[in-house]
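The questions below ask how the labels given to parts of this model follow from their cut-offs.

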Amino acid sequence: MKTNLPNSDKDFVESLIPQRFPFVMVGEVSDYSENHVVSGFTIKEDNIFVSEGIFQASGLIEHQAQTVALHTGYKYFLLGKESPTGYIGAIKSVEVESLPKLGDQLISEATILNEMMGVTLVEIVTKINETVIAKSQMKTVVK
């Protein structure tokens with residue numbers, strides 16, 4: 001079972017993650033391998049993390065966590081299984097250089113550093129137009 005990437009079909013992308021509107025912070029899965037995934041997301045006015053035209057840091061962290069969820073969800077999709085629910089287990093570090101504004105297209109790449117017994121250590125880099133705006137390292141846990 002496979003689908004072509006990149007894929008920005010709303011129903012497909014949302015089938016890979018446990019979140020639902022208005023809490024969806026990813027809009028595209030554009031690349032996938034066993035150890036990485038690339039997501040995309042456009043900041044829109046109706047987003048719950050937008051305040052005065054600026055996407056807040058909490059939304060950026062949630063977007064990065066959902067990028068990790070896309071990796072897990074796409075892996076399960078390829079196996080023909082339903083996506084599991086996951087959680088942020090710990091945030092080791094977060095560096096935010098700048099906050100996105102309405103209309104900005106976020107591109108995030110998550111690299112799996114270690115995965116063991118449902119716990120994944122991952123590093124995520126988020127860019128706008130090739131400029132890094134945020135980096136984080138977190139552990140996610142699959143239920």
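A residue is called buried under 20% relative accessible area, exposed over 50%, and partly exposed in between, with a 1.4 Å probe and protein chains only as cover. The model is a predicted one, in which local features need pLDDT of at least 70 and side-chain atom pairs count only at pLDDT 80 or more, while totals for chains, interfaces and linings use all residues. Residues are numbered from 1 along each chain as its sequence is written, and side-chain values use heavy atoms, with hydrogens and water left out.

Q: What makes Lys-10 and Glu-14 a salt bridge?
A: A salt bridge is a side-chain nitrogen of Lys or Arg within 4 Å of a carboxyl oxygen of Asp or Glu; the closest N and O atoms of Lys-10 and Glu-14 are 3.3 Å apart, so the pair qualifies. Both residues lie in helix H1 (residues 10-15), 4 residues apart, about one turn of the helix, where a helix is a DSSP run of H or I with at least four residues, a strand is a run of E with at least two, and both are numbered from the N terminus. Lys-10 is exposed, because its relative accessible area is 54%.

Q: How do you know that Lys-127 and Glu-130 form a salt bridge?
A: The closest N and O atoms are 4.0 Å apart, and by this rule the count comes to 4 salt bridges. Lys-127 is partly exposed because its relative accessibility is 29%, whereas Glu-130, at 67%, is exposed.

Q: What are the accessibility classes of Lys-101 and Asp-104, whose side chains meet in a salt bridge?
A: The N to O distance of this salt bridge is 3.8 Å; Lys-101 counts as partly exposed because its relative accessibility is 48%, and Asp-104 is buried because its relative accessible area is 14%.

Q: Which strands are called the edge strands of the open sheet?
A: The open sheet has 6 strands in the order E1-E2-E6-E7-E8-E5, with antiparallel pairing, where two strands pair if DSSP finds at least two bridges between them. Strand E1 (28-33) and strand E5 (86-96) each pair on one side only and are the edge strands.
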